[in-house]
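Dear colleague,

I am passing on the structure we spoke about, and my notes on it follow below. Please read them with the coordinates open beside you.

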Amino acid sequence: MDFDQSEDRRMLAETLSRYLSDRYDIAARNAVAYDAPYHSPDRWAEMAELGILHALVDEDHGGMGGSGFDIATVFEELGRALCPEPILPALMGLRLLAAAGAELDPVLAGTDQIAVAIGEPEAPWDLDALETRARKAGDGWVLTGRKSVVYGGHVAGRLLVAAKTDAGLGLFEVLARDAEITPYGMIDGGGAAEVFLDATPARLLIADATEAIEAALNAGRVALCAEAVGAMDATKDLLLDYLRTRQQFGRPIGSFQALQHRAVDLVTEIEQARSITILAADALDGPEAGRRAAMAKNLIGRAARLVAEEAIQMHGGIAMTWEAAVSHYGKRLVMIDAQLGDTDFHLTRVMEGLQA
Amino acid sequence: MDLQFTEEELAFHEEVRAFLAADLPQDLAAKVRRSDTLSKADHDRWHAILNARGWLATTWPEEFGGPGWSPVQRHIFEEESARAHAPRTVPFGLAMLGPVLIRFGSKAQQAEYLPRILDGADWWCQGYSEPGAGSDLASLRTRAVREGDHYIVNGQKTWTTLGQHANRIFCLVRTDAQVKPQAGISFLLIDLDTPGIEMRPIKLIEGGHEVNEVFFTDVKVPVENLVGEENSGWTIAKFLLTHERTNIAGTGFSTQAFEEVKSLARARRVNGRRLIDDPLYAARLAQVEIDLEAMKITNLRMLARAQKTGQPGVESSMLKIKGTVIRQELNDLARRALGPAAAPFPAEALAGNAAVAPEEHRADAARYFNNRKLSIFGGSNEIQRNILTKALLEL
């Protein structure tokens, strides 16, 4: 039993952390995150150069990592810095391309940006409820339907799209220029897009893709959990610092027990969040991956919202301003829950395990 | 990062399982399973079995008769013992006084008392809390006044757990009232046969007799029964609070409780369906399962740190808070699973054909009420938050 990071991952975390604090501090981040194109092409290229994408892929597919703990290491640092670069869609896309036996190198190099289009307006998370249809047309396929809140869809050249066929759920590649795409920014920074498909030409990557898509979703969930842990740690530091320094009634507000006990509960929940993320990362490539990811995403959803709301409340009025860093952390922490299944969606999955 | 036990730890795990399967008396396990009150003879019997194996005083160094286990080994032993429904060992001599004597006691005290804890000759109880000194323990007022070779003790202690079985009590007493409260406290060992001591039972919320109050009137205690220096008792009390907090999360008990609630909810039919198929109930159970899974890892992370640094750290306060809240939630889910069948009291009154709850669940309501204590004793959860505040905020 050992809960320390390996030397390799510690170096990866240090490299990424140093890079982000040098080049992507909160002011730089805010300047990028809320205006089109909602990320920085320069920073993206530099991070690819640093090998961040390689860390998300195993050696057999040209990467240098790819385990749950490699993913968690990268995303914890991204979360700590509130990085808006579309690395989550790259992670999930790389997993799907690897499952399809497709070429990964251009994506790993950062030159070919991809997005994963699964969720729909009436089926944000449930694969069984998807309605986008694929049908054969000549030698290829065409897709019809709407994919909603496609993270990374605002910059991707290629989309990996889940669509129903007569045989089940297939995975297709669509070139962004063939689809109708409406890009937009997000309340918590970064960008996404609505993708409209109307007999849009597509290439079949995986005919029976449910398993591959679930695996990519689970990797994405572990990444989001780790991102939340990093963002919660950073929020905790902001909060404890504020409690120590902010003076009211002639003393630091951290001397008031009404705030002390709430701060302690928040820190306790962060440790629980870290623990469940470790559990999910450890299970990622095994038979328990789905269940552990569901447990983690549920706990993270609860903890992240608690941390966000309590940190804002204890900061008081200043947290209501755009200028305060805690407001941006708070937004990200709350909105992470809406990605890849929220607390209720995942609680239902865990419940079904108890009922079966 | 590696969540697996080592080969040696896995082998130890098997050894513990085999021991429990062979040596834990089934009638004792059945009593624990039903939450029956254990007699002194029950406790003594289990202690003797563990002592014969050398596994009784799990936190003591080998030179004093402990097994020399690592924190991880202790954890494995505690988890497996809970799973097997072994009785909890009585902590007052083994986990509390023993480590105090090993750290602060004289050679003579160690030689006299430690073997008697192991062989069951002495049953110790704890004299810390007083009616006016609960969370604010340092305000205690039981006085010990030196007269020649004796202290004369006057005052009252309370919440003395299982004192009805004890022949000795270790007490915090005030030996100096002129200094700040923490600086005037001493740690005394007192023979309960001494004239002037009266122990009275306290009937608890669920009707049980678990704790007592102890009255001291001009009780003569030999000065050699002082542990450590006079007026150094607070240091010893703090040592006890921050040290030897293995199993504070109680993950073994909670895991067991979770499995039992799950079985109950799957077996029990309510209003035309299995209780587990009620989505509101299942959601509550699923959420506590998730919290428990996370806490198991939190517990292991802190164990791994304790193993590496030799220090349990203040994080044990987090485990105490989270562990007690989870166990209480599970107790609540068990009680609620029974619906009105949880209420007949005493539960034993409805036996045989008239029984409304499965035998191993008939005490679930009593256990729910009794376990409200978990977040109160051993430093209430609010006191734990104060401890964590000091470490976190450094104000």
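I begin with B:Leu393, which, residues up to four places away in sequence not counted, touches A:Leu240, A:Leu243, A:Arg244, A:Gly254 and A:Gln260. This residue lies in helix 12 of chain B, and it is partly exposed, with 18 other C-beta atoms within 10 Å. Please bear in mind throughout that this is a predicted model.

The contact between the chains

Taken as a whole, the contact between the two chains brings 36 residues of chain B against 33 residues of chain A. On the chain B side, helix 9 (279–309), helix 10 (316–338) and helix 12 (381–393) each supply at least two residues, and the largest share, 17 residues, comes from helix 9 of chain B. Sorted by class, the side of chain B that touches chain A has 22 nonpolar, four polar and 10 charged residues.

Helix 9 of chain B meets helix 8 (residues 257–283) of chain A, and the axes of these two helices come within 8 Å and cross at roughly 95°, so that helix 8 of chain A is roughly perpendicular to helix 9 of chain B. From helix 8 of chain A the contact draws on A:Glu271, A:Gln272, A:Ser275, A:Ile276, A:Ile278 and A:Leu279, while helix 9 of chain B contributes B:Asp291, B:Glu293, B:Ala294, B:Met295, B:Ile297, B:Thr298 and B:Arg301. By class, this contact of helix 8 of chain A with helix 9 of chain B has six nonpolar, three polar and four charged residues.

Helix 9 of chain A also meets helix 9 of chain B, the axes coming within 10 Å and crossing at roughly 95°, which makes helix 9 of chain A roughly perpendicular to helix 9 of chain B. Here the contact is made by A:Met295, A:Asn298 and A:Leu299 on one helix and by B:Ile290, B:Asp291, B:Glu293 and B:Ala294 on the other, and by class it has four nonpolar, one polar and two charged residues.

The nonpolar cores

The largest nonpolar core has 160 residues, and those with the most contacts inside it are A:Ile71, A:Val222, A:Ala228 and A:Ala280. Its largest share, 19 residues, comes from helix 7 (residues 210–245) of chain A. Apart from this core lies another, of 48 residues, which includes B:Met96, B:Leu114, B:Ile169 and B:Val214. As for A:Ile71, once its neighbours within four places in sequence are left aside, it is in contact with A:Leu56, A:Leu91, A:Ala219, A:Val222, A:Ala223, A:Ala226 and A:Ala281.

Helix 7 and helix 10 of chain A

The axes of helix 7 of chain A and helix 10 (residues 325–335) of chain A come within 10 Å and cross at roughly 150°, and helix 7 of chain A is therefore roughly antiparallel to helix 10 of chain A. The crossing of helix 7 of chain A past helix 10 of chain A is left-handed. A:Ala228, A:Ala231, A:Met232, A:Ala234, A:Thr235 and A:Leu238 in helix 7 of chain A meet A:Ala325, A:Val326, A:Tyr329, A:Arg332 and A:Leu333 in helix 10 of chain A, and by class the residues of this contact divide into nine nonpolar, one polar and one charged.

Within helix 10 of chain A, the residues A:Val326, A:His328, A:Tyr329, A:Gly330, A:Arg332 and A:Leu333 are buried, and what covers the buried residues of this helix includes helix 2, helix 7 and helix 9 (289–315) of chain A.

Backbone points to check

Most residues other than glycine have a negative phi, and most peptide bonds are trans. The peptide bond from A:Ala36 to A:Pro37, however, is cis, with omega near 5°, and A:Pro37 lies in the loop between helix 2 (26–33) and helix 3 (41–50) of chain A. A:Tyr38 is found in the loop between helix 2 and helix 3 of chain A and has a positive phi of about 65° although it is not a glycine; with 22 C-beta neighbours inside 10 Å, A:Tyr38 counts as buried. In chain B, B:Trp159, found in strand 3 (residues 150–161), has a phi near 55°, a positive value in a residue other than glycine, and B:Trp159 counts as buried because it has 21 C-beta neighbours inside 10 Å.

With best regards

Notes: Residues numbered from 1 in each chain as written. Chains lettered and ligands numbered in written order. Predicted model: local features only at pLDDT ≥ 70, side-chain atom pairs only at ≥ 80, totals over all residues. Core = buried A, V, L, I, M, F, W, Y, C linked by C-beta atoms within 7 Å. Buried ≥ 20, exposed ≤ 12 C-beta atoms within 10 Å, placed from the backbone. Contact = placed C-beta atoms within 7 Å. Nonpolar A, V, L, I, M, F, W, Y, C, P; charged D, E, K, R; others polar. Axes fitted to C-alpha atoms, helices over the stretch in contact; angles between N-to-C directions. Parallel < 35°, antiparallel > 145°, perpendicular 65-115°, else oblique. Left-handed = near helix turned anticlockwise from the far one by under 90°.
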